[in-house]
Amino acid sequence: MLNLVLFGPPGAGKGTQSQKLIEKYGLIHLSTGDLLRSEIAQGTELGLEAKKLMDQGLLVPDAVVIGMISNKLDANKDAKGFIFDGFPRTVAQAEALDTLLESKGSAISGMVALEVGDDELERRLLLRGKDSGRPDDQNPEIIRKRIKEYNDKTTPVAGYYKAQDKFTSINGIGSIEDIFSAITEVTEAY
Ligand code: B4P
């Protein structure tokens with residue numbers, strides 16, 4: 001079973017590469033950003049609360065996203081494996097994910113981190129914001145806040161997987177195809 005954590009700052013290419021990985025390996029894509037945006041689109045209570053935080057570039061509480069992932073794991077018991085995209089974003093989320101997978105006799109195969117500098121992240125997100133309609137992609141100040149949240153709360157997650165010898169970092173700048181090849185070189189070795 002391949003359980004991959006795709007890691008990196010906002011705009012690093014996690015969603016983009018996830019789409020290619022699910023096509024290649026037939027894995028289930030679990031993007032907490034997409035799950036939250038779906039709650040917002042449906043106007044649920046959870047979505048309304050999440051929107052307030054997301055629009056400010058802040059993380060949603062751990063319990064909310066862990067609950068969503070837990071439900072999705074339960075709903076996909078026969079999956080060949082999962083790509084976790086945008087999750088875990090805190091060490092508490094990483095610990096909860098290990099516990100959830102362990103209870104199902106499974107584990108994370110590895111984390112692949114996409115490295116991209118802040119200026120390029122801002123450029124990509126503002127470009128996406130022109131078409132996507134995502135409020136968090138349209139304002140440079142909010143984008144910088146998201147990058148700061150990432151640096152403060154999410155970068156320690158890399159250390160969590162390094163300590164388990166499950167961490168690989170790759171250059172996230174270049175063509176989408178070249179980056180995909182670099183990721184699959186890593187995943188083929190799992
Ligand atoms: P996400 O939806 O995860 O947002 P993201 O990090 O911006 O997306 P991603 O990184 O996948 O975008 P991609 O690089 O593919 O989260 C949004 C918000 O939800 C968070 O700020 C937070 O509030 C909340 N949230 C989500 N998960 C949470 C959690 N676990 N805990 C707490 N809160 C959570 O794409 C970016 C752009 O770059 C695209 O336009 C793409 O076309 C372009 N691009 C990709 N690869 C490229 C390349 N090689 N060259 C040039 N451009 C490229």
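1. Two strands are said to pair if DSSP finds at least two bridges between them. Strands (E, at least two residues) and helices (H or I, at least four) are DSSP runs, numbered from the N terminus. The model under discussion is predicted: local features need pLDDT of at least 70, side-chain atom pairs count only at pLDDT 80 or more, and totals for chains, interfaces and linings use all residues. Residues are numbered from 1 along each chain as its sequence is written.

2. Strand E1 (residues 2-7) pairs with strand E3 (residues 81-85) in the parallel sense, over five bridges. Within this pairing, Leu4 stands opposite Ile83 of E3. E1 also runs parallel to strand E4 (residues 110-115), to which four bridges join it. There the bridge partner of Leu4 is Gly110.

3. Strand E1 is largely enclosed by the rest of the structure, because five of its six residues are buried. A residue counts as buried if 20 or more other C-beta atoms lie within 10 Å of its own, as exposed if 12 or fewer do, and as partly exposed in between; C-beta atoms are placed from the backbone.

4. The largest nonpolar core has 39 residues, of which Val5, Leu6, Phe7, Ile69, Ile83, Phe84 and Val112 touch the most other members. Helix H7 (residues 140-162) supplies the largest share of this core, five residues. Such a core is a set of buried Ala, Val, Leu, Ile, Met, Phe, Trp, Tyr and Cys residues joined through C-beta atoms within 7 Å. Neighbours within four places in sequence aside, Phe7 is in contact (C-beta atoms, placed from the backbone, within 7 Å) with Met111, Val112, Ala113, Val157 and Ala158.

5. The ligand is surrounded by 28 residues, the closest being Gly13, Gly15, Gly33, Gly86 and Arg128. A residue is near a molecule if its C-beta atom, placed from the backbone, lies within 6 Å of it. Helices H1 (14-25), H2 (32-42), H3 (45-54), H6 and H8 each supply at least two residues of this shell. The shell divides into 12 nonpolar, nine polar and seven charged residues. Here Ala, Val, Leu, Ile, Met, Phe, Trp, Tyr, Cys and Pro count as nonpolar, Asp, Glu, Lys and Arg as charged, and the others, Gly among them, as polar.

6. An unreviewed UniProt entry places a "binding site" feature at Gly11, Ala12, Gly13, Lys14, Gly15, Thr16, Arg128 and Gly174. UniProt positions follow the numbering used here, feature names are shortened, and annotations may be inferred rather than shown by experiment. Arg128 lies in helix H6 (residues 118-132) and is partly exposed, with 16 other C-beta atoms within 10 Å. Gly174 lies in the loop between strand E5 (167-171) and helix H8 (176-188); with 12 C-beta neighbours inside 10 Å, Gly174 counts as exposed.

7. The "binding site" annotation in the unreviewed UniProt entry also covers positions including Thr32, Arg37, Gly86, Pro88, Arg89 and Arg146. The annotated residues span 115 residues in sequence, and the farthest two C-alpha atoms are 24.4 Å apart, so they do not all gather at one spot.

8. Gly86 is found in the loop between E3 and helix H5 (91-102), and is buried, with 22 C-beta neighbours inside 10 Å. Residues up to four places away in sequence not counted, Gly86 touches Lys14, Ser31, Thr32 and Gly33. Pro88 has its place in the loop between E3 and H5 and is buried, with 26 other C-beta atoms within 10 Å.

Notes: Contact = placed C-beta atoms within 7 Å.
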